[in-house]
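Thanks for coming. I have one structure to walk through today, and I will start once it is on the screen.

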Amino acid sequence: MQARQTSLENCPALVLNADYRPLSYYPLSLWSWQDAVKAVFMDRVNIVEEYDRVIHSPSVEFALPSVISLKRYVKPAPYPAFTRFNVFLRDRFTCQYCGAKNDLTFDHLVPRAYGGITTWENVITACAPCNLRKGGRTPAEAGMAVRQIPFRPTAFDLQERGRRFPPNYLHESWRDYLYWDAELQP
Ligand SMILES: [Zn+2]
């Protein structure tokens with residue numbers, strides 16, 4: 001009954017590659033219902049799962065797709081985008097100095113004043129107190145140890161970490177495709 005009230009805008013389709021893995025995890029590959037329906041009509045995707053929500057046109061009636069898979073395999077990008085969320089995810093949402101999980105900010109390992117740049121290799125997750133304590137110094141100058149040398153993660157690295165931090169919104173029909181191998185984890 002509630003499905004009838006679901007706004008169309010809240011009915012995106014999870015997009016799987018031809019191997020049934022999500023096309024992208026971070027950000028999660030979602031298409032608007034319009035793009036999903038268009039791709040179905042252009043015969044570029046298979047419908048894997050559907051919402052309860054039905055849409056009508058003068059001649060057709062069909063359920064909105066909730067999960068679609070590409071007919072042609074697309075080679076996934078090996079490296080995820082350099083975004084704030086992905087830096088936090090690489091660092092497991094943990095301060096890389098003290099291990100705190102709250103009040104998180106970003107710290108330049110080599111301070112910007114010393115020519116430090118904003119890259120995967122120079123930006124780490126730090127809680128606000130550690131960030132303040134370190135100030136405009138290098139970790140060595142501040143006498144602070146870094147738990148993990150920052151690196152550019154692969155899509156696989158983030159995917160591994162992401163299992164512990166699922167996206168906020170998961171339609172029930174997506175779950176099998178997002179974490180289908182979760183039980184293989186130790
Ligand atoms: Zn800290």
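Before I list the elements, a word on what counts as one: helices are DSSP runs of H or I with at least four residues, strands are DSSP runs of E with at least two, and both are numbered from the N terminus. Please keep in mind that this is a predicted model.

On that basis the protein has six helices and six strands. Reading from the N terminus, the order is β-β-α-β-β-α-β-β-α-α-α-α. The protein has 186 residues, of which 22% are buried. Taking contacts between residues at least 6 apart in sequence, 61% join residues at least 24 apart.

Now the confidence. The mean pLDDT of the protein is 86, and 88% of the residues reach 70 or more. Residues 180-186 have a pLDDT below 50, and beyond near neighbours in sequence this stretch makes two contacts in the model.

In what order do the four strands of the open sheet lie? The order is β2-β1-β4-β3, with mixed pairing. At the edges are β2, residues 30-31, and β3, residues 45-56, each of which pairs on one side only. As a reminder, strands of a sheet pair through backbone hydrogen bonds, either parallel or antiparallel.

Strand β1, residues 13-16, runs parallel to β4, residues 61-70, and three bridges join them. In that pairing V15 stands opposite I68 of β4. Helix α1, residues 33-41, packs on the sheet and touches β1, β2, β3 and β4. The direction of α1 makes about 85° with that of β4.

On to the antiparallel case: β3 and β4 pair over eight bridges. A hairpin of four residues connects β3 to β4. Here I68 comes up again, as the bridge partner of I47.

Which residues make up the largest nonpolar core? There are eleven: A13, L14, V15, L16, A36, V37, A39, V45, V67, I68 and W174. The elements giving two or more residues to this core are β1, α1 and β4, and β1 gives the most, with four. W174 is worth a look on the screen. Setting aside neighbours within four places in sequence, W174 is in contact with L14 and V67. There is also a second, separate core of eight residues, among them Y97, L104, I124 and A126.

Last, two aspartates in loops. D43 lies in the loop between α1 and β3. The phi of D43 is near 65°, a positive value in a residue other than glycine. Is D43 buried or exposed? D43 counts as exposed, because it has 8 C-beta neighbours inside 10 Å and the cut-off for exposed is 12 or fewer.

The other one is D103, in the loop between α2, residues 84-90, and β5, residues 104-108. D103 also has a positive phi, of about 60°, although it is not a glycine. With 12 other C-beta atoms within 10 Å, D103 is exposed too.

That is what I had; I am happy to go back to any part of the picture.

Notes: Residues are numbered from 1 along each chain as its sequence is written. This is a predicted model: local features need pLDDT of at least 70, side-chain atom pairs count only at pLDDT 80 or more; totals for chains, interfaces and linings use all residues. Two strands pair if DSSP finds at least two bridges between them. Two residues are in contact if their C-beta atoms, placed from the backbone, lie within 7 Å. Axes are lines fitted to C-alpha atoms, for helices over the stretch in contact, and angles run from 0 to 180 degrees between N-to-C directions. A nonpolar core is a set of buried Ala, Val, Leu, Ile, Met, Phe, Trp, Tyr and Cys residues joined through C-beta atoms within 7 Å. A residue is buried if 20 or more other C-beta atoms lie within 10 Å of its own, exposed if 12 or fewer, and partly exposed in between; C-beta atoms are placed from the backbone. pLDDT is the predictor's confidence in each residue, from 0 to 100.
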